[in-house]
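Welcome! Please take a look at the sequence and the 3D structure below before reading on.

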Amino acid sequence: MGEPHILLASASPRRRELLRQIGIEHAVRPVDIDESARPGEAPPAYVLRLAESKAAALWRQLGPHERRPVLAADTTVALEGEIFGKPGSLDEARTMLGRLSGRTHEVLTAVAVLHERGSAARLSCSTVTFRSLTPAEIDWYWHTGEPADKAGGYAVQGRAAAFISHISGSYSGIMGLPLFETWELLAPVLGPTAVEREA
C-alpha cells in the first residue's frame, strides 16, 4: 500500500481487511481507552461514545505534521438493552452464549471520523438470530480461542457462522466496520483520492 489516506484507531485485523476491501489506504494506530459502560447507558449511546472517544484519543496523540483523517469504530452485542462485552473466561462465555442461544440479538457498530475540518459519526444496527446451542458446542467454541476478544463472544466470519440461522442488516457492520456508513463518512473527506488506483 502507498501513503496512508487515514489513520485507523484500531488493531482489529477484521477492520483492516474491510478497509482494504473498499480500497482505503490506511495506517494502524490503536489507542487504549476505558471501555466501561456508564450506569444506565443504552447500547447505541455506548458504541457511539466509544468510537468518538477512540478517534479523539488518537487525534490528541498526533503532531501537526502527522495529522490526517482518523477513523475509529466500536462494536457491541446487545440483548434486551443489555450490553454484552468480551468474555474473559469459559464461564463468562457459557453465560453469554447460553443467553444468545435460540434468540435474536442486536449488533451495533458505530464508526467515527475526525479530521481538521470537524468530525462525524454513524451507527449501524443489525440483528442476528442464533439457533439453539448445546453446552458441548459452547465449550468447543470457547476452546477454539475465537470468542475471547469478540463482543458477545463470537465472530460472525468465523466458526460461529455455524450457529447463525438469520442475519438482518449489515454483514460488515456485524464484523466490526459497516462499509456503507464508513464510505459515507470518508468519501466527502478524502474525495477522489479515497480509492486505490490499480497499476
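## Before we start

This is a predicted model, in which local features need pLDDT of at least 70 and side-chain atom pairs count only at pLDDT 80 or more, while totals for chains, interfaces and linings use all residues. Residues are numbered from 1 along each chain as its sequence is written, and side-chain values use heavy atoms, with hydrogens and water left out.

Helices (H or I, at least four residues) and strands (E, at least two) are DSSP runs, numbered from the N terminus. Buried means under 20% relative accessible area, exposed over 50%, and partly exposed in between (1.4 Å probe, protein chains only).

Let's begin with α1 (13–21). Its buried residues are Arg-14, Arg-15, Leu-18 and Leu-19. They cover an arc of only 135 degrees around the axis, so they sit on the same side of α1; the arc is that of the directions from the helix axis to the C-beta atoms. Among the elements that cover these residues are β1 (6–8), β2 (26–28) and α6 (179–190).

Now find helix α4, residues 135–143, where Ile-138, Tyr-141 and Trp-142 are buried. Looking down the axis of α4, you would see its buried residues within an arc of 100 degrees, so they line one face of the helix. Ala-136 and His-143, on the other side of α4, are exposed. The buried residues of α4 pack against α3 (90–100). After α4 comes Gly-145, with a positive phi near 85 degrees.

## The largest pocket

How many residues line the largest pocket? There are 34, and Arg-14, Arg-15, Thr-75, Lys-86 and Asp-149 lie nearest its centre. A pocket here is an open set of points on a 1 Å grid over the protein atoms alone, where a 1.4 Å probe fits, with protein on both sides within 12 Å along at least five of seven lines; lining residues have an atom within 4 Å of a point.

The volume of the largest pocket is about 660 Å³, counted as the space filled by probe spheres set on the points, which are joined across faces, edges and corners. Strand β3 gives the largest share of the lining, five residues. By class, the lining has 18 nonpolar, seven polar and nine charged residues (Ala, Val, Leu, Ile, Met, Phe, Trp, Tyr, Cys and Pro count as nonpolar, Asp, Glu, Lys and Arg as charged, and the others, Gly among them, as polar).

Phe-84 lies in strand β4 and counts as buried because its relative accessibility is 4%. Leaving aside neighbours within four places in sequence, its contacts (heavy atoms within 4.5 Å) include Thr-76, Met-96 and Gly-152.

Ser-101 is in the loop between α3 and β5 (104–115). Is this residue buried or exposed? At 16% relative accessibility, Ser-101 counts as buried. Beyond its neighbours within four places in sequence, Ser-101 is in contact with Phe-130, Arg-131, Ser-132 and Leu-133.

## Aromatic rings

The structure holds five aromatic pairs. Rings of Phe, Tyr and Trp (its six-membered ring) pair if their centres lie within 6.5 Å; planes under 30 degrees apart count as stacked, over 60 as edge-to-face and the rest as tilted. The rings of Phe-130 and Tyr-154 have centres 4.8 Å apart and planes at 70 degrees, so this pair is edge-to-face. Phe-130 belongs to strand β6 (residues 118–130) and Tyr-154 to the loop between α4 and β7 (164–168), 24 residues apart.

Both Phe-130 and Tyr-154 are buried. Together with Trp-140, Tyr-141 and Phe-163, they form one aromatic cluster.
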